[in-house]
Structure formats: C-alpha cells, structure tokens
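Keep the coordinates open as you read.

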Amino acid sequence: AAKERGKNRYAFYQPQLTEQAEYRFRVEQNLREAVEKQQLSLVYQPQVELFSGNIIGVEALCRWHHPQLGEVLPTEFIATAERIGMMKPLTEWVLKAACNQAVAWKRAGLPPIRMAVNISPAQFLDKYFVSLIQYVLEETGMVPTELKLEVTESVVQTDQQNLSIFRELKDLGVLLAIDDFGKGYSSFASLKHLTVDCLKIDKYFIDDMLVDRKSQTLIAAMIDMGHNLDHEIIAEGVETVEQYQMLQQFGCETAQGYLLSKPVSPDSISKILKLNRLTHLAHLDANPLHL
Ligand code: C2E
Ligand code: MG
Ligand code: MG
Ligand code: MG
C-alpha cells in the first residue's frame, strides 16, 4: 500500500522537475571524479585595452566535459561543487592549470599578459587560501603581478578576517578584481573596505546601455568613481561596436566580451597573442576600434 501511495504521489511531480533533479544528481555523482579523470579544461577570454586594441589579459574559464553528460555549464557545476565540498580541489586545479599555461606562453616568447582566475567567495575566505596562492606561485613559477584573482563583492559581507586576506594577497603581489561589480548588495562597502586593483562592471549594465539612460549614467558613474579610487575598469559582456565606442567615450580602459572574442582554447589564444591582434576585428578599423 505504501508503494502504491508512493507511486501516486510521484505522479503529481512535473516530469520536467524530476528530470532536472535526476540531472543534478548525476552531475553531483560525477563531479567528484572530474579532476582525477582529467575531464576539466580551461578556455580563455581576451581582455582588450580599448584605446590600443591590444590584448592585455585573459580570463580563465572552467569547462567540464563528461563522456555521458556532455558539456556541463559552469554555473551548474560550480554551484554543485560548492554544495558537495569539491570547490577546494577544483580551485586548486584551476589555479595550477591557469598559471602553468601563463608560464608556458611566456616561455614560448609570447607578449606578457595577465591571467585572471575566478575564485568563489568561500574559497577566497578559507584560511588556507593565501598559502595556496603562495604554493601555486612557487610551484608554477608564475610572476605574482601577472596573476589576477576575480572575486564577487559578496566577500565583503563577512567579518574582519577578509581584510587581512586582501592585505596578505596584496603583499604577495597578486592583483585583485571585484567581479560582477554593481550587481550585488555591497558595491559601495566593497569599495570602502577592500584594497583592489580592478572593477569589472557587470554585463547586466552593459546589456542595455545603448537604450537605457539609467544604465549609461550608472556605468559612467562607476567608471569615474573607480578611477578616482585608482582602480582599473573592465566592462564585461561587450557584444557590439556601439557599446565598445560608448565605453571608450566614458573613459573605460578595458573590455571583454563576444565582440572581441568568446572564450577560446589555449591554442587559439596563443595564435591571437602572436599577432597581438584580433584579426576578425580588422574590418572595424575604419570605425575605429583601434584609435
Ligand atoms: P564570470 O566570471 O562573470 O565570467 C563571465 C561569463 O560571461 C563567462 O561565462 C563568459 O563566457 C561569459 N561572457 C563573456 N563575454 C560575454 C558576452 O559578450 N556575452 C555573453 N552572453 N556572455 C559572455 P561562463 O564561462 O559560462 O562562466 C560563468 C560563470 O561561472 C563565471 O562568471 C564565473 O562566475 C563561474 N566560473 C567559470 N569558471 C570558473 C572557475 O574556474 N572558478 C570559479 N570559482 N568560477 C568559475
Ligand atoms: Mg570572472
Ligand atoms: Mg563577471
Ligand atoms: Mg557576470
């Protein structure tokens, strides 16, 4: 009878939800061995200096290809990793892989660029985080000032401990960026409390900047405020020439987005870096992307 009831109750669930739950469960089960089974990889998205068109950095973005599940979205597996306590090994893997790549590009004679790595708030605030960074720098031979850590402003919401983490990281020489700036609840508090080098204006503002005066005003204000605090500004999610040009007018110095390049394989990045030019943008020269 219990079985019957169970069956009946099951019938009330929407099939879509059940599928979703099942998918999540499989993601969870398989993620534990993704690192060992070498299923993770990194793609890199160029960060471009607006006035010169030069690539001055790349952001490493994690990808997970599972033989049965296929490509699992980062937002899905990052959240899962947090939930099941896999974030620590994942962060360590990403940091090492990104630094090794940066060092390899440099040894191959490519122009120096900064490597940006995303760090989840929980990892950033972990008491071993600073020594992990120190260890990775030593082991890979990465120059500290060429490594940039991207964290969201949620790191500001906890206690005093994070202030010392920021200070210790600064002492090591690594660069710090506030990711998705403006989207969270403590943007001003993060500016007041944290010693950072860079603000990344969230795509949320860039998306409608051409049609929404409010977004324009807020972007211009973030750029001015950031500059007055000596922060570099990166605009994320730049998809059109018009956005790029407006950002240029507003005095933004760096842009990242599909207009410039999607995240691509290390091989593609090394080809792009050899030319230090995004060739597919050449036709825009008259426009001009390269002033
Ligand atoms: P994020 O750090 O804000 O990264 C930017 C995301 O926007 C990336 O998505 C990138 O592919 C996408 N993007 C860049 N330019 C454009 C554009 O012009 N248009 C559109 N529509 N999208 C654009 P992705 O790779 O799917 O990553 C999503 C998020 O997952 C990242 O957001 C980051 O929070 C997280 N993530 C990715 N890799 C890692 C990692 O290694 N560690 C941690 N902790 N988080 C990661
Ligand atoms: Mg990021
Ligand atoms: Mg971002
Ligand atoms: Mg974002």
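Begin with the spacing of the donor residues of the magnesium ion (ligand 2): in sequence they follow E-x58-N-x31-E-x28-D. The donors are Glu59 (OE), Asn118 (OD1), Glu150 (OE) and Asp179 (OD), at 2.0 to 2.2 Å. Donors here are N, O and S atoms within 2.8 Å of the metal (3.2 Å for Na, K and Ca); water is not among the atoms, so sites may look incomplete. Glutamate 59 in strand 2 and asparagine 118 in strand 4 (residues 114–118) link distant parts of the chain, 59 residues apart. Helices (H or I, at least four residues) and strands (E, at least two) are DSSP runs, numbered from the N terminus.

The model is predicted: local features need pLDDT of at least 70, side-chain atom pairs count only at pLDDT 80 or more, and totals for chains, interfaces and linings use all residues. Residues are numbered from 1 along each chain as its sequence is written, chains are lettered from A and ligands numbered from 1 in the order in which they are written, and side-chain values use heavy atoms, with hydrogens and water left out.

Now move to the next metal. Aspartate 179 bridges the magnesium ion (ligand 2) and the magnesium ion (ligand 3), which lie 3.8 Å apart. Ligand 3 is coordinated by Asp179 (OD), Asp180 (OD) and Glu236 (OE), at 2.1 to 2.4 Å. The spacing of its donor residues in sequence is D-D-x55-E.

A further bridge follows. Aspartate 180 joins the magnesium ion (ligand 4) to the magnesium ion (ligand 3), and these two lie 3.1 Å apart.

Which residues are closest to ligand 1? They are Arg63, Asn118, Asp179, Glu239 and Tyr258, out of 21 that surround it. A residue counts as near if one of its heavy atoms lies within 4 Å. The shell divides into nine nonpolar, five polar and seven charged residues. Strand 2 gives the largest share, four residues.

Polar contacts are pairs of N or O atoms within 3.5 Å. The side chain of arginine 63 has an N or O atom 2.9 Å from an oxygen atom of ligand 1. Glutamine 45 places a side-chain N or O atom 3.1 Å from a nitrogen atom of ligand 1.

Terms used: A polar contact is a pair of N or O atoms within 3.5 Å; within protein, one must be able to donate a hydrogen and the other to accept it, and residues adjacent in sequence count only if both atoms are side-chain atoms. Ala, Val, Leu, Ile, Met, Phe, Trp, Tyr, Cys and Pro count as nonpolar, Asp, Glu, Lys and Arg as charged, and the others, Gly among them, as polar.
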